[in-house]
Amino acid sequence: MTARLQIDLSAIQDNWRLLDGQHPGETAGVVKADAYGLGMAQVAPALAAAGCRTFFVAHLAEAAALRALLPGVRIATLNSLEPGEAADFAAHEVVPVLGALHEVALWREHARRLGRVLPCFLQLDTGMHRLGLSAGELARMHQDPSLLEGLRVDVVMTHLIASDVPDDPNNARQARLFVEKRKQFPGVKTSFANSSGMFLGEVFYSDLARPGVALYGGNPTPGQPNPMRDVVRLTAPILQIHALEPGDTVGYCGTWRAARPSRIATVGVGYADGFHRRLSNMGAAYFDDTPVPLVGRVSMDLSTFDVTDVPAEIGGMLTLLGPAHGVDALAAEAGTIGYEILTSLGRRFARRYVGA
Ligand SMILES: *Cc1c(COP(=O)(O)O)cnc(C)c1O
């Protein structure tokens with residue numbers, strides 16, 4: 001009996017609409033990493049049906065797969081383009097987010113080869129120091145406009161380094177730098193906020209917001225109530241129940257020891273399914289509305305829960321992710337972030353899409 005992962009596409013659509021209503025500009029959908037693990041093939045068409053017209057992925061291969069699904073939308077790749085990729089970018093009508101002069105050169109050369117103007121986005125570095133044109137590169141571009149010959153810059157963008165920490169001074173600093181740097185591209189549209197950035201105030205609004213995690217139910221306002229709808233629910237049937245005497249232990253190396261007569265339920269979800277081993281002796285699942293502690297080590301394919309205090313039976317369901325215990329709660333227990341919980345959700349679950 002496999003665990004079931006339910007993904008609510010209408011909740012994703014509602015989340016997109018809520019974000020779109022949050023600011024005056026256009027709202028893109030970030031569907032990189034297979035829509036944060038939830039399935040781009042199902043998620044992207046649902047977003048398009050809700051009104052989303054611009055999509056961001058990370059890689060060319062993701063963009064090509066998305067293009068086959070959605071012929072009419074704008075697709076941009078956050079990881080830019082690499083040598084040898086330009087022809088495929090153009091063939092699939094994918095817009096590269098160029099973040100270095102050598103990338104600009106690759107795209108410019110291809111435009112020359114094709115004899116037509118090619119669209120691009122430019123990423124400006126305002127503090128991440130990961131992708132994006134540096135101050136020096138922008139200065140060279142300013143001195144030599146031919147560096148952009150044959151290219152049409154549709155959007156200039158930058159990425160916040162601490163948008164989930166509202167009072168981090170980097171936010172205001174990056175906003176100031178972005179206003180300054182984008183002046184070099186008068187009339188070009190801007191793209192600034194990710195999910196959390198959309199909740200930081202008007203300074204962070206732009207022509208094209210780029211939410212990802214909030215679409216999938218992650219809380220863009222950590223520490224405050226989550227304005228987004230829940231999207232994923234992971235339930236697993238109880239495979240066996242073991243009756244333990246005081247002193248008996250559970251799992252590898254016996255890291256949990258019963259202090260009283262206990263009932264231990266085993267479910268078929270382990271670290272190979274994205275149920276992090278860090279959760280060993282820390283996490284919890286839910287039986288109806290009651291939390292049942294995870295006891296012993298999470299192993300590759302199995303986890304064990306103390307169901308002594310609930311009327312759980314073999315074949316009954318435990319909820320590992322759900323409204324009472326969402327992506328961010330599980331992430332906190334595992335010492336990570338909701339993004340990593342989502343993107344590591346296993347491929348072995350029976351996936352069920354509802355809504356839309
Ligand atoms: C992943 C990503 C996003 C989406 O971020 P969320 O925090 O998931 O909303 C936006 N912009 C860039 C550049 C990204 O890499």
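Biologist: Which residue in E11 is the bridge partner of Arg 4?

Modeller: Arg 4 has Thr 235 as its bridge partner in E11. The model is predicted: local features need pLDDT of at least 70, side-chain atom pairs count only at pLDDT 80 or more, and totals for chains, interfaces and linings use all residues. Residues are numbered from 1 along each chain as its sequence is written, and side-chain values use heavy atoms, with hydrogens and water left out.

Biologist: What makes strand E1 and strand E11 a pair?

Modeller: Two strands pair if DSSP finds at least two bridges between them. Strand E1 (residues 4–8) and strand E11 (residues 232–244) have four bridges, so they pair, and they do so in the antiparallel sense.

Biologist: Which other strands are joined to E11?

Modeller: Strand E18 (residues 317–321) pairs with E11 in the antiparallel sense over four bridges; there, Ala 236 stands opposite Leu 318. Strand E14 (residues 262–267) also runs antiparallel to E11, joined by six bridges, and Ala 243 has Arg 263 as its bridge partner.

Biologist: In what order do the seven strands of the open sheet stand?

Modeller: The order is E3-E4-E5-E6-E7-E8-E9, with parallel pairing. Strand E3 (29–30) and strand E9 (189–191) each have a single partner strand, so one side of each lacks a neighbour in the sheet. Within the sheet, two bridges join strand E6 (residues 94–98) to strand E7 (residues 118–123), and Val 97 has Phe 121 as its bridge partner.

Biologist: Why is His 23 called buried?

Modeller: Buried means under 20% relative accessible area, exposed over 50%, and partly exposed in between (1.4 Å probe, protein chains only). His 23 has 7%, so it is buried. This residue is found in the loop between helix H1 (9–20) and strand E2 (26–27).

Biologist: What makes the approach of His 23 to Thr 27 a polar contact?

Modeller: A polar contact is a pair of N or O atoms within 3.5 Å; within protein, one must be able to donate a hydrogen and the other to accept it, and residues adjacent in sequence count only if both atoms are side-chain atoms. The side chains of His 23 and Thr 27 make such a contact at 2.8 Å, which is within 3.5 Å.
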